[in-house]
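Trainee: I am new to this structure. Please show me how to read a few of its features.

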Amino acid sequence: MAKYKTIILDVKDDIATLTLNRPQALNALNTQVLLEIDQAINVISANQAIKVVIVTGAGNKAFVAGADIKEMATKNAIEGQRFSELGNRTFSKLANLKQPVIAAVNGYALGGGLELALACDIRIASTNARIGQPEVGLGIIPGFGATQRLSRALGPAKAKEYILTARNVKVDEALRVGLFNKVVEPEHLLDEANQMAAQIAANAPLAVQNAKAVINEGFEINLEQGLKLEENTFGMLFATNDQKEGMGAFTEKRKAVFASR
Ligand code: CO8
C-alpha cells in the first residue's frame, strides 16, 4: 500500500474516498499533493473492485483553497509552466479515470480547488462552500484547467465573468448555474456523497464506465461522431455478461448481480 503524507486514500467496499489532507494550509495544492493524487489515481485505476471515487478535503473549512501560493510565489516562467503542466496532467488523469468521481465540496473551492472539482464528474457541496477563480487578482490566470473546463461547464460568458471578476460565488448561485448537483448541510455531505456513490455502484460497472467515457469524449468531437461513438459503445455492451445479467434479471423479476465482465 502506498504511503501518503498529504492525502488519505480510504477504500471501503466498492467506494474509494480520497481526502486532501493539509488542513493547516486549507488543503492547498503543492507539488507533493499533486504527485500523491497522481499515485492514488494509479492505485484506484488498477483496482477493479473500486466502482466510485469520492474526493473531499480534510477539516470543516476548505475543500481546497487553491494552488499553494507560498510554493508558487518564487517560481519563474518555466517553473510556473511546469507547475501548470503537472496540475493539468493530474486533473486530466482524474477526469479520464474509468470510475466516476464525486467531489464532496466541504468549504472553499478556490482556484485550483475549483479546478479539481471541475475535473470530477459530479459535485455535491455543503452549505458553507464558496467557489471562485481568484487567479487574476494574483497576477496569473487559472492554470489547472478552468479556462477550458469552466467554460465548457458554464459557457464562455459566465466562465469569463467568474474568471475576470475573480469574485467568490456562494452555493445558491453555484447550484443555480449548474456547477453543483446538490447542496446539503455540512454534517450530511459525506453521507450524501456515499449514498450517491452506492447508487452508482449498484449499476453495471462497464455500462457506468462507458457512459462516463462516451459523455466525456462527446465534448471533444462533433455531434455525428458522438452519436456514432454512442452506437458503437451501445453495441459493444451487448457483448458483456453484465448486459445478459441486467436484462435477464429484469425478465426473471430479480435483482441483478453484476460481475463487471
Ligand atoms: N496557498 C497556500 N496557503 C494557503 C492557501 C493557498 N492557496 N490558502 C490558505 N492558505 C493558508 C494560509 O496562508 C494560512 O496559513 P498560515 O496560518 O500559515 O498563515 C492558512 O492556510 C489558513 O488560511 P487563512 O488564515 O487565510 O484562513 P481564512 O479563513 O482567513 O481565509 C481564504 C480563507 C479566504 C480561503 C484565504 O485563505 C484565501 O484567500 N486563500 C487563498 C485563496 C486563493 O487565492 N486561491 C487561489 C490560488 S491560485 C490558484 O489556485 C491557481 C491554480 C493554477 C496554478 C497554475 C500554476 C502556474
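**Buried residues, a surface patch and a ligand**

Mentor: D68 is buried, since its relative accessible area is 9% and buried means under 20%. Keep in mind that the model is predicted.

Trainee: Where is the place of D68 in the chain?

Mentor: D68 sits in the loop between strand 4 (62-64) and helix 2 (69-72).

Trainee: Which residues does D68 touch, not counting those up to four places away in sequence?

Mentor: D68 touches R22, A28, L29 and N30 on that count. A polar atom of the D68 side chain also lies 2.9 Å from the backbone nitrogen of K70. As for V33, which is 35 residues from D68 along the chain, the two C-alpha atoms are separated by 9.8 Å.

Trainee: Is T6 buried or exposed?

Mentor: T6 is buried, because its relative accessible area is 6% and the cut-off for buried is under 20%. T6 is found in the segment before strand 1 (7-12). Leaving out residues up to four places away in sequence, T6 touches T19, L20, N21, R22, Q32, V33 and E36.

Trainee: How is I69 classed by its relative accessibility?

Mentor: I69, in helix 2, counts as partly exposed at 45% relative accessibility. Together with L138 and I140, I69 forms a nonpolar patch on the surface, and the accessible area of the three together is about 260 Å².

Trainee: Which residues come nearest to the ligand?

Mentor: Of the 25 residues around the ligand, the nearest are K61, A65, A67, I69 and G112. A polar backbone atom of A65 is 2.9 Å from a nitrogen atom of the ligand. For A67, a polar backbone atom is 2.7 Å from an oxygen atom of the ligand. K70 places a polar side-chain atom 2.9 Å from an oxygen atom of the ligand.

Trainee: How much of the ligand does the protein bury?

Mentor: Taken alone, the ligand exposes 1100 Å², and the protein buries 67% of that. Helix 2, helix 3 (77-95), strand 6 (108-110) and helix 4 (112-118) are the elements that give two or more residues to the shell around the ligand.

Trainee: Let us turn to one more helix. Which residues are buried in helix 11?

Mentor: In helix 11 (residues 241-251), the buried residues are D242, Q243, E245, G248 and A249. Their cover includes helix 9 (205-218) and helix 10 (223-237). Just after helix 11, K253 has a positive phi of about 55°.

Terms used:
Residues are numbered from 1 along each chain as its sequence is written. This is a predicted model: local features need pLDDT of at least 70, side-chain atom pairs count only at pLDDT 80 or more; totals for chains, interfaces and linings use all residues. Side-chain values use heavy atoms; hydrogens and water are left out. Helices (H or I, at least four residues) and strands (E, at least two) are DSSP runs, numbered from the N terminus. Buried means under 20% relative accessible area, exposed over 50%, partly exposed in between (1.4 Å probe, protein chains only). Contact means heavy atoms within 4.5 Å. A polar contact is a pair of N or O atoms within 3.5 Å; within protein, one must be able to donate a hydrogen and the other to accept it, and residues adjacent in sequence count only if both atoms are side-chain atoms. Patches are made of residues with over 30% relative accessible area and no salt bridge: like charges are joined within 9 Å, nonpolar side chains (Val, Leu, Ile, Met, Phe, Trp, Tyr) within 5 Å. Accessible areas come from the Shrake-Rupley method with a 1.4 Å probe; for residues, only the protein chains shown count as cover. A salt bridge is a side-chain nitrogen of Lys or Arg within 4 Å of a carboxyl oxygen of Asp or Glu. A residue is near a molecule or strand if one of its heavy atoms lies within 4 Å of it.
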